[in-house]
Amino acid sequence: LPITTLIPGSGPGTTFDDTRAPEPMVTVPDGPEHGWKRGLTLPRYVLNTSAPPRRADPVNRYFPRSDDERAPLLPELFMPGFPKCSTTWLYSCMSEVWSPDSAGIGCGKKPDGWGADRCGKRYLLVSLSTNAKGETRPRKETFFFGGTGVKYWDGDFLEMHGPDPRSGSKADAPPLWLWQETAKRLRAQARRELEPKRLGHRPSRQDLHLATSRAVRHHIQNLDELCGGSSDRENVAARPSSRACEYVAAVSHNGSAGGGGGGGAAAEGEAAGAVARARAEMLESARSHCAARLGEEARCSAVGTGMLRHVAAIPGGGPNGCSHPGCHRIAKGLPGSWQPVCQWLPELDAKLNLTDAHCIRSITPWVSSRELNLSLVDFTPNYLCDAKAMQRIHFSSLDPSR
């Protein structure tokens, strides 16, 4: 099928206009300074190195009700293709060049230097998942929008963006604290605790081991809190609702779609108008989805202990409460809650004295409009093989015309 049959709003004069003449090719000049293969030809647009136009909302936030409100990011750079066609290699190259701590971007190794106020260059990141110890893993391939037999798609995007990383005790943390390598962050935390001036003596190897264990346990408890963990079963993080439905309710109450870029220049005003129109279209799409859901109970995770609703209490771990749909909760005493991607690890009880823990299935940054200069990436192959995946990607864009 031609791509114009897959994407809403395609056709002559639109983003996916297959009636246009082929892009003219140009021969790249030979010479060692260019680093190109001799005789290479490329489309003319590849040689355009001018900066892209400014957007009214610099990041692809999901249903932001205002510029200042924190809203979750959704992917905005995709590499749909086919399996075994070098998408992993391309992703590795791009990560090497455009990660915030790379030499080219140069924004340092710590997430407190990755905000837009201190990092002027745009960089790339991916969503994350964690294991039961809280060790993070980049999700270069999410398969969230389709392309697989497993159903990940969820029209609320709860299972894509996950809980707000800056909730609970992490409310004052940098936006990307979870994107710093876990082991380095926990070792640094343990070393700070073991400064000789605090201890009064030079720390021993045993001191370092105990401090690292405390840091790991504290980190796991932070993730439990984000997911709706054991310390506060009624925490707002444990009672997630659809942002789309919240947005519909807010707009219905206030009579405004919210948001809107600042500035005042004509080009920026035009961009803001395009965003407003795109938001209005998304709002109309969300209304029918939300009409029957605004009065529903919160949606809880349906995996891990969420599959065992007949179990009222976790052995040694309190009630079997509601966890965020972006999380798994597993328990030592409930092997049926263990998942292939979220296994119980012996050291959780043997070394850390835990009876249950959460794995995060997927989490993205939650930010205000100009807090980060970031593009979230999803390099899932197979999207190009799935018409529904392409439609879902199109719907997730704040400004589908772009």
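Start by selecting residues 374-378, strand β13. In this predicted model, five of the five residues of β13 are buried, so the strand is largely enclosed by the rest of the structure. Buried here means under 20% relative accessible area.

Now show the side chains. In a regular strand they alternate between the two faces of the sheet. Which residues of β13 sit on one side and which on the other? Leu374, Leu376 and Asp378 are on one side, with Ser375 and Val377 on the other, and both faces are covered.

Next, bring in the neighbours. Select residues 123-126: this is β5, which runs parallel to β13 and is joined to it by four bridges. Look for Val126, whose bridge partner in β13 is Val377.

In soluble globular proteins, nonpolar side chains tend to be buried together. Select Tyr123, Leu176, Leu178, Trp179 and Ile360: within the largest nonpolar core, a set of 24 residues, these have the most contacts. The elements giving two or more residues to this core are β5, β13 and α5 (205-227), and α5 has the largest share, with three.

Zoom in on Leu178. Leaving aside residues up to four places away in sequence, what does Leu178 touch? Its partners are Leu128, Thr136, Arg185, His219, Leu223, Ile360 and Ile363. For a second, separate core, select Tyr62, Phe63, Leu74 and Met160, which are among its 15 residues.

Switch to a surface view and go to the second largest pocket, which holds about 600 Å³ of space. To find its centre, select Asp101, Trp114, Trp179, Gln180 and Glu181, the closest to it of the 26 lining residues. Trp179 is one you already picked in the largest core. Colour α1 (87-98), β5, β7 (136-138) and α3 (182-193), each of which supplies at least two lining residues. The largest share, five residues, comes from α3.

Finally, zoom out to the whole chain. There are nine helices and 13 strands, and 45% of the 402 residues count as buried. Among contacts with a separation of 6 or more, 69% are between residues 24 or more positions apart. The chain exposes about 20,700 Å², with carbon and sulfur atoms supplying 55% of that area.

Conventions:
Residues numbered from 1 in each chain as written. Predicted model: local features only at pLDDT ≥ 70, side-chain atom pairs only at ≥ 80, totals over all residues. Heavy atoms only, no water. Buried < 20%, exposed > 50% of the residue type's maximum accessible area, 1.4 Å probe, protein only. Pairing = 2+ DSSP bridges. Contact = heavy atoms within 4.5 Å. Areas by Shrake-Rupley, 256 points an atom, 1.4 Å probe, with all protein chains shown as cover. Core = buried A, V, L, I, M, F, W, Y, C linked by side-chain atoms within 4.5 Å. 1 Å grid on protein atoms, 1.4 Å probe; cavity = no way out; pocket = protein on both sides within 12 Å on 5 of 7 lines; lining within 4 Å. Points joined across faces, edges and corners; volume = space filled by probe spheres on them.
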